[in-house]
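These are my notebook entries on a structure that I looked up one part at a time.

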Amino acid sequence: MLKIALRNILRNKRRSVLTGLSIAVAVMIAIYMWSLIEGVMDNLFDNTVRMTSGHVRILNKEYVKREKMLPLEANIQGYKAVEKIAAANSNVTLTAGRIKFGVLLEHEGSNKPVFGIGIVPSLENQVSRLDQKIVAGRLIEPGKEEINIGAMLANELGLKIGDTLTVVTQTAYGSITAMNLTIVGVFSYGVISVDKTTFFMPLSKAQQLLDLNNAVTEIFVFVKDMNKAPEVAREIQASLEQVYGDEYTTKSWRDVSFYWAYMRLAKGVYAVIYFLILFLASFTILNTMYMSVLERVKEIGMMKALGLKDRQVMGIVILEALMIGTIASFIGAIWGSGIAYYLSVEGIDLSSTFEQMDSFNFPLSSVYRALFRWGIVFFGFCMGILFSVAASIPPSLRAARMEPTEALREL
Amino acid sequence: MPISRMENVIKNYKIGKVEVPALRGVSINIDEGEFISIAGPSGSGKTTMLNLFGCLDKPTEGSVFINDQDVSRLSSNQLADVRNRNLGFVFQTFNLIPVLTAFENVEFPLVLLGERSSARRKDKVMDILADVGLAELVHRKPLEMSGGQQQRVAIARALVKRPKVVLADEPTANLDSVTGEAILKLMLEMNQKTNATFIFSTHDPMVMNYARRLVRVHDGQIQSDERI
C-alpha cells in the first residue's frame, strides 16, 4: 500500500509539488502570523500591565469610584506602611507607590493637558522600564525638580532637553499650585497614548507639588507568577483590612485590564483566520486528490476487481494525501518558524503608520515583534497534516465508490 | 459440479431514465477446466455475462453461482472477497498498475490475499512469471513493456493465486494477430497446466478457433452453445 501511494505521488511530480507548496505556504503563514499576533498581544498586554496597573494595584476605595477624575484626595496616607503589609506576602517581589495626576503643561504660551506620574526612579526599571525607554538625556533623579517627557509630547510642544517648563495644577486640597521642572530626558515607549501625553517626575517632588506628604494615589505590586495575581490581591486585601478596615482595596491586572478580555477575543478571531487559511489550502489537496482519483478510474476499478476492499482504496488515497501533507507541513513549519524567529528578533517597525493614526490609543509598541514558540510551530505542523488528511476524505470516498466494472469498460 | 453457473439471469442497466435490457434470461453451466469463449457483436451482452461471472456486478433477477455459492445477493465487500479468493482477471487494455514493476503487479493479488511471507510470495511470482516467459523482465514497469508483454504480466497476475476461474475480456483486442495468438496459446497452456477455467469474451474469430466451447450471444440471449 505504502509503495503504491508513494509511487503515485511521484507519478505526477509537478502536481504533487504544487499541492505540497500550497500546503507549505499556508502552514508557513499560519505559523508566522500566529507568532506575530501572540507577540503583539503579549507586548500589548505587558505594556498595559506595566503602565496602568502592575500585577496588583492597591487603591483607596474612594479613588476607585472616581478614578477617571484622578481624585488626589482619595489617596493612600502613610503609604510606606501599606507597602510593608503588601510586601509581607511571600509572593510579592516589588511594591511601588505612584501618583498620577492631571496637569496643564505650559511652555511659551501654548499649553496642553497631560498626565504627570510621580515615581521612584530607582524602582522604575522593574515597573514601567522607563530607564530603558530613555532615548535622549538621562533618567530623573530622586528629589530633584526634573522630568522625563514623552518624545511625541516634546515634539508637539517644541521642548528639548534642558528646557524648563512650568507645571500648573491643583493640590489634593483644591488650591492652585505650580512648579518649575527641568527636562533631563526624553522617553519613547513606542506607544502613542503614552509618548504623547505623559511625563514622569520624582515621587517626592510630586508629593510636594500636590501637597500629598507621605501619600500616594496608587501602589503597584508585582508578584512572582502573574497568573496568581488575583489570589495575591485577595490575600493583600485581607491583610490590609485587619489594619485599615475597608479603606483600601486591591485589584489584580485581570480586574483592571479590559485589554485582557479584548485580547482573548482577538486571539479567538485570529485563530479562526489561521483555520481559514489552512482550510483554503486544503482545497488544493481536495482538488488534486479528486483529479488523481478520477484519472485513475480504470486502475482503481481494476484493483477492486482483484479484490481490493473499499476501505483499502480509501486508505491508498488518504495515505497519498498524508504523505504530501506531512512533507509539505514540515517544509511550511521550517519556513514559518524561520520567519517567526526573524520577526521575533528584528520586529516590524510601524511607528510611521501609527503616527498618522491619532485615534490609535492602545498601549501598543510601534515595533511589532513576534513571539517565537515551538508550540505554535508544532501546532501549525499538525494542523497542516490534519487538514490535508481531512481534505482527502471526500475524494477517497469517491474512489471507494467506483465500480470495478469501470475497469472492464473500453475507454 | 459446475464451477460457474447462471440461472435465468436478467440484467437491466439504467441509462438516464431508460432501462436497457442487457441479458434477458440466461442460464448456463460452466465446468471446471473449461476453455470457453463467449462471442457476439458489441451490445450483445457478452461483457455483462463476464461481469456477472466475475462478481463485478449483480443480476437484476435470477442467480449467479461461483463454486456453488450464490453470489447474487452479496455485499460489495463480500464480492471483493469472492473475487480475491476464486477469480483472476485479464483485461482488454491490460490494466496493470503503472507505478509498480511487473514483479510487484503480479505480487499485488497475493498481498491482497494476505500472504505475509515475502519469500513465499517471491517464489510464487517468479514461478508464474517464468511460466509466461517473462523471467527476464521482472523489474520493468508496464510502460516499459510491449503490449504482448504487458498482457503476459496480466495473465501471470490473474494466475498467481491459483484461481478457479480466469475471466478475460477481449484479451487480444489490443494486440496484433501474431502476439494475440501467442497470448491465446499461453492461456490454453495455462488452462491445461493449472486446470483453471478460462472464460473470455471476444468477437475475434481467431479466439473462437482456440476455444474448446463457443457460446454465441445475441440481444441478451444465448443463441448457440457448442463444444468444439
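Predicted model: local features only at pLDDT ≥ 70, side-chain atom pairs only at ≥ 80, totals over all residues.

On the side of α3(B) I found Ala102(B), Phe103(B), Val106(B), Glu107(B) and Leu110(B), and across from them in α4(B) I found Arg121(B), Lys124(B), Val125(B), Ile128(B) and Leu129(B). Sorted by class, this contact has seven nonpolar residues and three charged ones, with no polar residue.

I then looked up the geometry, since two packed helices are described by the angle between their axes and the distance between the axes. For α3(B) and α4(B), which covers residues 118–131, the angle is about 120° and the axes are 9 Å apart. Angles of 65 to 115 degrees count as roughly perpendicular and those over 145 as roughly antiparallel, and the two helices are therefore oblique to each other. I also noted that the crossing of α3(B) and α4(B) is right-handed.

**Entry two: the strands.** Next I turned to β4(B), residues 61–66, which runs antiparallel to β1(B), residues 2–15, and is joined to β1(B) by five bridges. In this part of the chain, Ile10(B) stands opposite Glu61(B) of β4(B). Strand β4(B) is also joined to β5(B), residues 69–70, by two bridges, and this pair is antiparallel. Here Ile66(B) has Gln69(B) in β5(B) as its bridge partner. What lies between β4(B) and β5(B)? I found that the two strands form a hairpin with two residues between them, and that Asn67(B) in the turn has a positive phi of about 55°.

I looked up Gly147(B), which is found in helix α5(B), residues 147–159. It has 16 other C-beta atoms within 10 Å, so I recorded Gly147(B) as partly exposed. Leaving aside residues up to four places away in sequence, Gly147(B) touches Asn174(B), Leu175(B) and Thr179(B). From Gly147(B) to Leu110(B) I noted 37 residues in sequence and 23 Å in space, C-alpha to C-alpha.

Last, I looked up the contact between the chains, in which 22 residues of chain B touch 20 residues of chain A. On chain B, the helices α1 (46–53), α2 (76–86) and α3 (102–113) each supply at least two residues of this side. The largest share, six residues, comes from α2(B). By class, the side of chain B that touches chain A has 10 nonpolar, eight polar and four charged residues.

Terms used: Residues numbered from 1 in each chain as written. Chains lettered and ligands numbered in written order. Contact = placed C-beta atoms within 7 Å. Helix = DSSP H or I, 4+ residues; strand = E, 2+ residues; numbered from the N terminus. Nonpolar A, V, L, I, M, F, W, Y, C, P; charged D, E, K, R; others polar. Pairing = 2+ DSSP bridges. Axes fitted to C-alpha atoms, helices over the stretch in contact; angles between N-to-C directions. Parallel < 35°, antiparallel > 145°, perpendicular 65-115°, else oblique. Left-handed = near helix turned anticlockwise from the far one by under 90°. Buried ≥ 20, exposed ≤ 12 C-beta atoms within 10 Å, placed from the backbone.
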